[in-house]
Amino acid sequence: MKAAVFTSFGGPEVMRVMEVPDPHAGPGQVRVRVKAAGVQHYDCAIRGGWTPSYGVTVNFPQIPGNEFAGVIDEVGAGVTGFSIGSEVLGFAILNCYAEYVVVGADQIVVKPKTMTWEEAGGLTGNGQGASIALTAIGVKPGDTVFINGAAGSLGSIAVQLAKALGAKKVIGTASETNHDFIRSLGAIPITYEKGLADRLRKIAPEGIDCAFDTAGGEGLHAAVELVADKKRICTFFAYDLIEELGLRVVRGERSAARLAELVDLHTQGKLHLHIRQIFPLDRAGDAHRAIESRHGRGKIVLKID
């Protein structure tokens with residue numbers, strides 16, 4: 001099969017397409033013919049040589065990618081609920097930038113007909129990440145929620161999930177060119193410039209109950225200043241400042257159950273994944289350059305089939 005791989009650690013230039021052996025489904029597994037795979041900062045970090053604390057073994061040539069959507073074409077022994085031809089979306093740790101990926105049957109859910117392949121391929125990583133974060137900070141009905149970096153793929157999903165959880169008011173930082181987009185998600189946009197904490201006070205004189213940071217900088221410091229309970233602040237960006245700012249590390253497990261909840265919200269029309277750009281498999285390096293630029297809104301996806 002064709003796959004986008006890296007054979008050494010480095011920048012986006014180390015990504016290339018090559019032929020690698022086809023994987024096959026074992027007991028409890030399915031093989032999926034991949035239609036689309038999402039691109040995440042996590043993928044870029046692994047390519048650059050970062051090793052997560054929970055341990056990821058890189059074997060060159062390594063296929064990155066941790067989210068996908070496609071059609072099942074092999075079903076291993078003991079798998080129930082799925083069959084050859086089932087359209088699914090799911091998650092893995094690596095190996096999704098390829099024509100085929102093998103995963104456990106507990107890592108996939110059925111793709112609804114109302115969801116495009118690109119949306120399905122890019123939903124699970126940022127969708128589950130946002131869900132984990134908002135669960136950790138305890139977003140509840142009536143809350144005023146601050147999302148720092150609200151136009152990106154992670155932040156824009158967080159805005160929508162906060163609304164779905166009943167937040168009374170959601171405020172999101174974004175560049176001015178993305179303010180209409182933020183409003184379309186049901187949030188109040190605000191720029192990143194200095195004096196952010198004071199401007200937030202004017203928008204939310206009742207106070208800010210909780211905050212999710214995806215961009216660091218002034219926004220994170222404003223969250224620390226304005227949110228009374230630091231347990232209700234989560235950053236998925238400034239990990240190096242967590243201890244200094246008195247925050248806690250937030251971790252959570254991706255699961256098919258959590259993914260199914262996101263799919264259900266999409267089906268109800270309460271969750272939409274904005275696709276920023278679609279790249280073919282042989283331009284995976286360019287997709288990494290685009291996401292590492294941290295410009296633009298929404299999700300970057302590889303179209304594989």
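The talk below takes labels one at a time and sets values against cut-offs.

Student: What kind of model is this?

Tutor: This is a predicted model.

Student: Why is Gly55 called partly exposed?

Tutor: Gly55 has a relative accessibility of 46%. Buried means under 20% and exposed means over 50%. The value for Gly55 lies in between, so Gly55 counts as partly exposed. Gly55 is found in the loop between helix H1 (41–47) and strand E4 (67–75).

Student: How far apart are Gly55 and Leu259 in space?

Tutor: From C-alpha to C-alpha, Gly55 and Leu259 are 23 Å apart, and in sequence they are 204 residues apart.

Student: What makes the pair of Arg31 and Asp73 a salt bridge?

Tutor: The closest N and O atoms of Arg31 and Asp73 are 2.9 Å apart. The cut-off is within 4 Å, so the pair counts as a salt bridge. Arg31 is in strand E3 (residues 29–38) and Asp73 is in strand E4, so this pair links distant parts of the chain, 42 residues apart.

Student: Are Arg31 and Asp73 buried or partly exposed, and how do you know?

Tutor: Arg31 has 8% relative accessibility, which is under 20%, so Arg31 counts as buried. Asp73 has a relative accessible area of 24%, so Asp73 is partly exposed.

Student: What makes Glu292 and Arg47 a salt bridge?

Tutor: Their side chains meet at 3.1 Å, N to O. That is within 4 Å, so the label applies. Glu292 belongs to helix H8 (residues 284–292) and Arg47 to helix H1, and the two are 245 residues apart.

Student: Which residues do salt bridges with shared partners join into one network?

Tutor: Arg31, Asp73 and Glu74 are joined in this way. By the 4 Å rule, the count for the model comes to 14 salt bridges.

Student: How do you know that E3 and E4 pair?

Tutor: Pairing needs at least two bridges, and E3 and E4 have 7, so they pair. The sense is antiparallel. Val34 stands opposite Gly70 in E4. E4 also pairs with E5 in the antiparallel sense, over 5 bridges. Ala69 has Leu89 in E5 as its bridge partner.

Student: What does the side chain of Glu99 reach?

Tutor: The side chain of Glu99 reaches the backbone nitrogen of Lys2 at 2.9 Å. The cut-off for a polar contact is within 3.5 Å, so that distance passes. Among the residues that Glu99 touches are Met1, Val32 and Ile304.

Student: What makes both faces of strand E11 (residues 210–213) count as covered?

Tutor: Cys210 and Phe212 on one side, and Ala211 and Asp213 on the other, are all buried. In a regular strand the side chains alternate between the two faces of the sheet.

Student: How do you know that E11 pairs with strand E8 (residues 144–148) and with strand E12 (residues 233–235)?

Tutor: E8 and E11 run parallel and are joined by 4 bridges. E11 and E12 pair in the parallel sense over 3 bridges. Each count meets the limit of at least two, so both are pairs. Asp213 stands opposite Asn148 and opposite Thr235 in E12.

Student: Which elements make the right-handed β-α-β unit?

Tutor: E11, helix H6 (residues 217–226) and E12 make this unit. The buried residues of H6 include Leu220, Ala223 and Val224, and what covers the buried residues of H6 includes E8, E11 and E12.

Terms used
Residues numbered from 1 in each chain as written. Predicted model: local features only at pLDDT ≥ 70, side-chain atom pairs only at ≥ 80, totals over all residues. Heavy atoms only, no water. Polar contact = N/O pair within 3.5 Å; in protein donor to acceptor, adjacent residues only side chain to side chain. Contact = heavy atoms within 4.5 Å. Buried < 20%, exposed > 50% of the residue type's maximum accessible area, 1.4 Å probe, protein only. Right-handed = clockwise from strand over helix to strand, strands pointing away. Lists of a residue's contacts leave out its neighbours within four places in sequence.
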